[in-house]
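Please look over the structure below. The report that follows takes up its helix packing, its ligand and its confidence.

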Amino acid sequence: MLDQPRMTLNAISLFSSAGIGDLAFQRLPVRVLVSCELLEDRHQVYQANFPDTHALTGDIWKLWPQIVSETHARLDGGALDILFATPPCQGMSKNGRGKLLQAVRNGSKPALDVRNRLIIPTLKVAQSLKPRLIVLENVPEMENTLIMSEGGRLVPILDLVREELGPEYDGEARVVEFADYGVPQRRQRLITVFTRDAAMLSLFKRRRSLHPRPTHSQNGGGKPPWVTVRDVISHMPPLDAGSPDTARGDDALHFVPLLDEDKYFWVRHTPPEKGAFDNQCVACGHDKNPCHGNFRDEGGINRASRETPLHCLKCGTLLPRPWVRNKETGAHRLMRGYTSAYKRMSWDLPASALTTNLAYACSDNKLHPEQHRVLSLREALMLHTITDFEYRFERADGKKVTSGLIYEIIGESIPPRGLEVFFREWTDVLRGGADVVMKGDWAASDLPLFHNSMAQLAKSA
Ligand SMILES: C[S@@+](CC[C@H](N)C(=O)[O-])C[C@H]1O[C@@H](n2cnc3c(N)ncnc32)[C@H](O)[C@@H]1O
């Protein structure tokens with residue numbers, strides 16, 4: 001009786017923030033029964049957009065028993081179909097798993113980030129509610145991350161997931177490029193899926209993957225090409241960050257922060273496809289001044305070049321490159337920074353990942369492809385695909401939502417258009433069986449994967 005197919009599926013959402021990820025359910029037959037988020041500001045925006053969801057605001061370590069009881073109350077004896085959890089990623093490591101394990105074991109790296117242990121209460125919720133499908137979204141580094149289990153064991157996070165879920169569940173984790181799923185933005189994420197549902201398990205066995213086939217491709221292959229910045233924002237009214245009159249359009253969200261005189265000078269002289277660190281002389285027109293570069297130091301660490309000139313090698317004039325001015329002497333030196341700082345996005349590629357720093361010209365690849373500014377908030381919402389959905393930046397308590405909060409909400413979420421592709425396929429299977437999506441017999445090897453991080457764990461592969 002519990003797992004009978006139903007028209008509408010029941011989900012819960014953990015680490016929900018303002019619900020950008022949950023927009024993936026908006027056009028699907030899924031209702032989110034309960035959400036949990038630590039930060040009041042973010043969850044207020046969630047509640048304005050998902051008024052029918054029971055929102056629990058606070059620390060999941062304390063709230064997990066209540067998440068379970070509130071979900072049970074709302075399921076009214078039925079089964080939970082989907083647990084969707086997007087724990088924070090700030091504590092995840094870029095180091096290789098083996099190297100890190102060795103470093104922690106030999107004592108050279110003692111500190112384990114407590115934020116990574118948020119998977120533990122997540123698994124307690126999963127064990128208590130036994131959802132048919134568990135979906136975890138995180139940065140690719142999650143696969144290299146070690147945590148201290150409750151029993152005091154140092155264990156790779158994904159191994160713990162499999163162990164705690166037990167043999168009833170099977171699944172996999174794969175690094176996904178969201179541009180391959182129609183999102184006009186490069187964003188790589190580790191999507192981990194575990195299931196105990198018979199149809200999902202059958203799909204996994206037959207196809208050797210639970211991840212849907214990409215809808216778009218960088219290099220053709222019969223698929224539509226990646227959606228580009230040009231496709232999405234080239235029609236937007238021009239803006240210019242040089243003055244208050246030109247930095248704002250008629251639409252309240254189409255505005256950009258002003259650039260001070262120095263930054264505006266660097267940005268104004270940055271050609272398409274380039275970064276300000278490579279700008280050439282605006283006085284004599286000499287265009288052979290060496291570009292900025294990176295090198296690896298003795299320890300193998302990537303460093304910005306210290307040789308890059310700030311004055312034109314031909315006429316000696318200050319180049320429009322990011323500088324720091326000594327307040328006492330007035331002397332300039334090149335700002336420390338990488339070539340990706342003060343760099344323009346390309347018109348004909350997806351945008352670079354929109355981070356919480358998207359309003360800062362100095363952050364990686366954040367300049368408009370040709371105008372003298374960063375992206376407007378409206379353009380960011382379009383490139384993050386939030387504008388595909390019904391969504392309002394309002395709070396349930398009626399207070400004002402600041403632009404700073406909106407930048408945070410965008411930067412910490414994944415573009416819902418891409419996630420919807422995943423959940424559409426999974427909800428089809430959960431409601432109608434594996435045959436619904438087995439159109440043509442394709443296997444995991446068809447996926448343009450970086451790798452299957454859980455190949456060694458995936459029992460069915
Ligand atoms: C990566 S973001 C989630 C993004 C979200 N799914 C979305 O679509 O916008 C992680 C969220 O976890 C929240 N968080 C961090 N620690 C938490 C805790 N102890 N309990 C509950 N939520 C927590 C953060 O405040 C943050 O909003």
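## Helices H4 and H5

Are H4 and H5 roughly parallel or roughly antiparallel to each other? The model is predicted, and the answer comes from an angle. Helix H4 covers residues 119-129, and helix H5 covers residues 157-165. They pack at an angle of about 20°. Angles under 35 degrees count as roughly parallel. H4 and H5 are therefore roughly parallel to each other.

Their axes lie 10 Å apart. H4 passes H5 in a right-handed crossing. On the H4 side, the contact is made by Ile119, Leu123, Ala126 and Gln127. They meet Ile157, Leu160, Val161, Glu164 and Leu165 of H5. Sorted by class, this contact has 7 nonpolar residues, 1 polar and 1 charged.

## Helices H2 and H4

H4 also packs with helix H2, which spans residues 60-75. Here the axes come within 9 Å and cross at roughly 20°. H2 and H4 are therefore roughly parallel to each other. Their crossing is right-handed.

Which residues meet in this contact of H2 and H4? H2 brings Ile60, Trp61, Trp64, Ile67, Val68 and Thr71. H4 brings Pro121, Lys124, Val125, Ser128 and Leu129. The contact of H2 with H4 divides into 8 nonpolar residues, 2 polar and 1 charged.

## Around the ligand

How many residues surround the ligand? There are 19. The closest are Phe15, Ser17, Gly21, Leu38 and Ser413. By class, the shell around the ligand holds 10 nonpolar, 5 polar and 4 charged residues.

## Confidence in the model

The mean pLDDT of the protein chain is 88. A value of 70 or more is reached by 86% of its residues.

Definitions and conventions
Residues numbered from 1 in each chain as written. Predicted model: local features only at pLDDT ≥ 70, side-chain atom pairs only at ≥ 80, totals over all residues. Axes fitted to C-alpha atoms, helices over the stretch in contact; angles between N-to-C directions. Helix = DSSP H or I, 4+ residues; strand = E, 2+ residues; numbered from the N terminus. Parallel < 35°, antiparallel > 145°, perpendicular 65-115°, else oblique. Left-handed = near helix turned anticlockwise from the far one by under 90°. Contact = placed C-beta atoms within 7 Å. Nonpolar A, V, L, I, M, F, W, Y, C, P; charged D, E, K, R; others polar. Near = placed C-beta within 6 Å. pLDDT = per-residue confidence, 0-100.
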